[in-house]
Amino acid sequence: MGKVIPAQNRILFSDKGDEQGTYNDGELSLNYNYHQVGRHLTLDGEVTSVWDFNSIDVSLLFFVPSGTVLQETIVYYSGYRVDNTSSSTDSKFRTMLVVPRGAVGMSFSMTDMAHEGRQL
């Protein structure tokens, strides 16, 4: 992977094993909550960004203490939308994952396709 997540976009795992919050990096905004037992993570979220794109993928990024991405997994895909003037009607996701060894936290990223058909 090699990508380093900026400090302000890192969500460190809680010692309690449960956390909820809002993630916003200027492009992507979502509400999330997770429950972690050992290396098993259940993640619920809802994309709250309003975008002008035909499709959007949201990835969960696990990172090591330096912020370097260890693993990336798509957790939400909007599907292709012909009417791209509003957010998707179903922007919620739920996934269960195994946290990779060495991961100390998570972050999110997105890939989108603009309505003109170009990849951003």
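1. Secondary structure. The protein contains zero helices and eight strands; helices (H or I, at least four residues) and strands (E, at least two) are DSSP runs, numbered from the N terminus. Along the sequence the pattern reads β-β-β-β-β-β-β-β.

2. Basis of the values. This is a predicted model, in which local features need pLDDT of at least 70 and side-chain atom pairs count only at pLDDT 80 or more, while totals for chains, interfaces and linings use all residues. Residues are numbered from 1 along each chain as its sequence is written, and side-chain values use heavy atoms, with hydrogens and water left out.

3. Burial. Of the 120 residues of the protein, 45% count as buried. Buried means under 20% relative accessible area, exposed over 50%, and partly exposed in between (1.4 Å probe, protein chains only). The areas themselves come from the Shrake-Rupley method with a 1.4 Å probe, and for residues only the protein chains shown count as cover.

4. Nonpolar core. The term denotes a set of buried Ala, Val, Leu, Ile, Met, Phe, Trp, Tyr and Cys residues joined through side-chain atoms within 4.5 Å. The largest such core has 23 residues, of which Tyr32, Leu41, Leu43, Leu60, Phe62, Met106 and Phe108 touch the most other members. At least two residues of this core come from each of strand S3 (29–37), strand S4 (40–47), S5, S6, S7 and strand S8 (105–114). The most is given by S5, with four residues.

5. Aromatic pairs. Rings of Phe, Tyr and Trp (its six-membered ring) pair if their centres lie within 6.5 Å; planes under 30 degrees apart count as stacked, over 60 as edge-to-face and the rest as tilted. By this rule there are five aromatic pairs. One of them joins Phe13 and Phe62, whose ring centres are 6.3 Å apart with planes at 45 degrees, so the pair is tilted. The pair links distant parts of the chain, 49 residues apart: Phe13 is in the loop between strand S1 (11–12) and strand S2 (18–24), and Phe62 is in strand S5 (residues 53–63). Phe13 counts as buried at 15% relative accessibility, and Phe62 counts as buried at 0%.

6. A second tilted pair. The rings of Tyr76 and Phe93 have centres 6.3 Å apart and planes at 40 degrees, so this pair is also tilted. Because Tyr76 lies in strand S6 (residues 69–77) and Phe93 in strand S7 (residues 92–98), the contact ties together parts that are 17 residues apart in sequence. The C-alpha atoms of Phe93 and Tyr76 are 6.0 Å apart in space. Tyr76 is buried, with a relative accessible area of 4%, and Phe93 is buried, with 7%.

7. Ring cluster and charge over a ring. Ring pairs link Phe13, Tyr34 and Phe62 into a cluster. Elsewhere, Arg10 lies over the face of Phe63, at 6.0 Å from the ring centre. The criterion for a charge over a ring is that NZ of Lys or CZ of Arg is within 6 Å of the ring centre and within 35 degrees of the ring normal.

8. Salt bridge. A search of the whole structure finds one salt bridge, defined as a side-chain nitrogen of Lys or Arg within 4 Å of a carboxyl oxygen of Asp or Glu. Arg94 forms a salt bridge with Asp44, the closest N and O atoms being 3.3 Å apart. Arg94 lies in strand S7 and Asp44 in strand S4, so the pair ties together parts that are 50 residues apart in sequence. Arg94 counts as exposed at 61% relative accessibility, whereas Asp44 is partly exposed, with a relative accessible area of 22%.

9. Surface patch. Ile74, Tyr77 and Tyr80 form a nonpolar patch on the surface, with about 380 Å² of accessible area together. Patches are made of residues with over 30% relative accessible area and no salt bridge; like charges are joined within 9 Å and nonpolar side chains (Val, Leu, Ile, Met, Phe, Trp, Tyr) within 5 Å.

10. Pro65 is in the loop between S5 and S6 and is exposed, with a relative accessible area of 62%. The C-alpha atoms of Pro65 and Val104 are separated by 6.1 Å, although these residues are 39 residues apart along the chain. Tyr23 lies in strand S2 and is buried, with a relative accessible area of 5%. Tyr23 and Asn9 are 14 residues apart in sequence and 7.6 Å apart in space, C-alpha to C-alpha.
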